[in-house]
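Subject: Structure handover

Dear colleague,

Here is the structure I said I would pass on. My notes follow below it.

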Amino acid sequence: MDPHLLRTFVAVARCGSFSQAARELGYTQSAVSQHIAALESDLGAVLLLRRPVSPTGVGVRLLEHAGPLLLRLDAARADIARLTAAPAARIVIGVSPLAMTSQFTGTLADMRQTQPLLEVTVRVLGREAITREVATAALDLGLVDGMAAPNDPLHLPDVGPLTAMAITEQPLAVALPAQHPLAGRASLCLVDLADARWIDAPDTAIPLAQLRTASGTDGYRASLRYEGTDVRGLLALTAAGHGLALLPQPTIDGIPAIHAVLISAPRLVHRTEVLHSNAVDGLPALLAAALRAASE
């Protein structure tokens with residue numbers, strides 16, 4: 001399959017319009033129509049219904065493959081660019097909300113003292129966005145967090161040849177409003193909270209789907225969805241009784257009207273990893289090594 005045709009197909013399916021996809025891609029509408037016709041001819045199947053524009057069953061299946069295929073192509077191009085580009089005096093770092101720790105900020109400060117002309121951009125992003133943008137070189141370095149068994153790596157999406165190294169492991173605790181009947185407990189089993197009200201905050205707290213997998217239940221239903229990367233905003237919602245959230249204990253400690261209760265079973269930790277291309281060098285490589293050294 002020609003990747004140019006595949007990109008056009010993905011754009012049309014996402015936009016639900018040939019004309020809108022043409023504007024987005026910088027093509028004429030007739031060129032977009034020709035791309036779709038050529039792709040359908042190549043595959044021997046109708047991929048899009050024309051009125052209204054929507055993917056057929058075959059088109060839906062192709063979309064499932066198209067995203068990862070195109071991402072890997074972008075990652076390959078980014079890897080070659082890294083290997084051939086001149087070293088830059090700037091670095092762009094992506095950090096998931098719970099990975100914005102004093103260890104990271106302190107290590108970055110130390111590096112900037114030795115590199116006073118270094119231009120730094122820090123972007124706070126969701127976990128999936130960080131892995132994708134490190135793979136495609138939109139980020140030089142990423143710090144991503146998640147839940148894992150002690151000393152186990154995070155299960156990150158396969159988006160290309162990337163290296164991940166652990167820099168912290170912290171205890172996990174459930175954030176409970178002060179008035180919650182379990183707020184005075186020293187610890188809790190995760191399964192005991194399966195029927196509680198939870199906040200679905202996939203880019204901030206531990207995602208609820210991971211709680212179901214870890215405890216082998218279909219509970220942990222959301223009473224509210226939180227779309228954002230502001231941890232204090234999430235904790236304000238928890239304090240007001242909108243639902244629980246699972247977070248690293250240090251994030252919760254000291255927050256008014258919130259109690260942090262440790263999770264005793266199953267044995268799980270909050271893990272932060274630094275993520276970069278296998279071809280990383282220069283300043284990103286120095287920062288990655290410094291972060292790893294600071295954790296030892």
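R61 is exposed, at a relative accessible area of 53% (buried means under 20%, exposed over 50%, partly exposed in between, with a 1.4 Å probe and protein chains only). The side chain of R61 forms a salt bridge with that of E64, at 3.3 Å from N to O; the term stands for a side-chain nitrogen of Lys or Arg within 4 Å of a carboxyl oxygen of Asp or Glu. The two residues lie 3 apart in helix α4, so about one helical turn separates E64 from R61. Helices (H or I, at least four residues) and strands (E, at least two) are DSSP runs, numbered from the N terminus.

This is a predicted model, in which local features need pLDDT of at least 70 and side-chain atom pairs count only at pLDDT 80 or more, while totals for chains, interfaces and linings use all residues. Residues are numbered from 1 along each chain as its sequence is written, and side-chain values use heavy atoms, with hydrogens and water left out.

The salt bridge count comes to 11. Another of them pairs D158 with R72 at 3.4 Å, N to O. This pair links distant parts of the chain, 86 residues apart: D158 sits in the loop between β5 (141–148) and β6 (162–177), and R72 in helix α4. D158 is exposed at 63% relative accessibility, whereas R72 is partly exposed at 38%.

R271 and E273 also form a salt bridge, at 2.6 Å, N to O. Shared partners join E169, R271 and E273 into one network. R271 is buried, with 9% relative accessible area, and E273 is buried at 2%.

On helix packing, α1 (residues 3–15) and α3 (residues 29–43) meet at about 110°, with their axes 9 Å apart. Axes are lines fitted to C-alpha atoms, for helices over the stretch in contact, and angles run from 0 to 180 degrees between N-to-C directions. That makes α1 roughly perpendicular to α3 (65 to 115 degrees; under 35 is roughly parallel, over 145 roughly antiparallel and the rest oblique).

Helix α6 (residues 127–135) is mostly covered, with 7 of its 9 residues buried. Among the buried ones are R127, E133 and A135. Just after α6, A137 has a positive phi of about 70°.

Finally, L69 lies in helix α4 (residues 57–84) and is partly exposed, at 41% relative accessible area.

Regards
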